[in-house]
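Colleague: I would like to go through this model with you. Please put it up, and I will ask as we go.

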Amino acid sequence: MEENYDNDRKFEITGRSKKQATDVFNEYGLDWSSAMRMILTRVVSENAISVNLSRYSDISPTMKSNIELNTTEKYSK
C-alpha cells in the first residue's frame, strides 16, 4: 500500500519553545509554514539535516522583496 504524504503533519511543542521559535522565524522574515517548508526542502535536497540562514535584517533588499512577494502570493489565493 502506498502512503499518502500530502497530509498536514502535526507535532507538539511547548508554549515557550513555540514562542522562541516564532521569534527566530520572525527575525528571518518567515512564518511557521514557510520555515518548515524551507527546512524540509533542504533536508530532502541535501539528504542531511543542515540549515544555515541569514537573519531577515541582514539579507539583501532583493531577497526581502522575493520573500514578501512569495508570502503575498501564498495568502492572496
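Colleague: Is Asn47 buried or exposed?

Modeller: This is a predicted model, in which local features need pLDDT of at least 70, side-chain atom pairs count only at pLDDT 80 or more, and totals for chains, interfaces and linings use all residues. Residues are numbered from 1 along each chain as its sequence is written, and side-chain values use heavy atoms, with hydrogens and water left out. Buried means under 20% relative accessible area, exposed over 50% and partly exposed in between (1.4 Å probe, protein chains only). Asn47 has a relative accessible area of 72%, so Asn47 is exposed.

Colleague: Where is Asn47, and what is its phi?

Modeller: Asn47 sits in the loop between α2 and α3; helices are DSSP runs (H or I, at least four residues), numbered from the N terminus. Asn47 is not a glycine, yet its phi is positive, at about 50°.

Colleague: At what angle do α1 and α2 cross?

Modeller: Axes are lines fitted to C-alpha atoms, for helices over the stretch in contact, and angles run from 0 to 180 degrees between N-to-C directions. The axes of α1 (residues 15-27) and α2 (residues 32-46) come within 10 Å, and they cross at roughly 80°. Angles of 65 to 115 degrees count as roughly perpendicular. That makes α1 and α2 roughly perpendicular, at a crossing angle of roughly 80°.

Colleague: Which residues of α2 meet α1?

Modeller: Contact means heavy atoms within 4.5 Å. On the α1 side are Lys18, Ala21, Thr22 and Phe25; they meet, in α2, Trp32, Ala35 and Met36.

Colleague: Which element has the lowest mean pLDDT?

Modeller: pLDDT is the predictor's confidence in each residue, from 0 to 100. The chain averages 78, and 73% of the residues score at least 70. Among the elements, α1 has the highest mean, 90, and the lowest, 70, belongs to helix α3 (residues 61-76).

Methods
Helix = DSSP H or I, 4+ residues; strand = E, 2+ residues; numbered from the N terminus. Parallel < 35°, antiparallel > 145°, perpendicular 65-115°, else oblique.
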